[in-house]
Amino acid sequence: IRKPLSSNLTRFYRNGVLVGDSSAGTFTIRSVSKSDEGFYKCNASGVGESAESWVAVRGRRPQTPTAPLTLILLPVVAGVLLLIALMLLCRWRNHKGVRRRERNKRRSLREMSSSVTYS
């Protein structure tokens, strides 16, 4: 809603209740929602009152843009976590292999010592 050039102050109403005023003659609703629906009118001092107009709110809420930092940081963090997981897996497998080799070596030594006969 725009004001005529000759007025000093314009008051804006929704459903008969004052919702704002402006010396510029404009009224902006930021982050509009369904609760902003209603009959709007303005009253410009020295000029008069406008007719009421119904304002309807439709559509979906716009998605908030994803911050560029998130687009960079998320894959980096995921990559680092994957790398750590792979390193831990390799270490666990190597440790498990060392223990298996030691166990097999002890078993072989026992078998060898039990098969040796002294004459």
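E49 is partly exposed, with a relative accessible area of 49% (buried means under 20%, exposed over 50%, partly exposed in between; 1.4 Å probe, protein chains only). Its partner in a salt bridge is K41, at 3.3 Å from N to O (a side-chain nitrogen of Lys or Arg within 4 Å of a carboxyl oxygen of Asp or Glu). K41 counts as buried because its relative accessibility is 16%. This is a predicted model, where local features need pLDDT of at least 70 and side-chain atom pairs count only at pLDDT 80 or more, while totals for chains, interfaces and linings use all residues. Residues are numbered from 1 along each chain as its sequence is written, and side-chain values use heavy atoms, with hydrogens and water left out.

By this rule the count comes to three salt bridges. Another joins R14 to D36 at 3.8 Å, N to O; the pair links distant parts of the chain, with R14 in strand β1 (residues 10–14) and D36 in the loop between β2 (17–22) and β3 (38–44) (strands are DSSP runs of E, at least two residues, and helices of H or I, at least four, numbered from the N terminus). D36 is buried at 14%, whereas R14 is partly exposed at 25%. E37 and K34 also form a salt bridge, their closest N and O atoms being 3.1 Å apart.

Turning to the helix, L69 lies in α1 (residues 68–115) and, at 60% relative accessibility, counts as exposed. R93 is found in helix α1 too, and its 57% relative accessibility makes R93 exposed.
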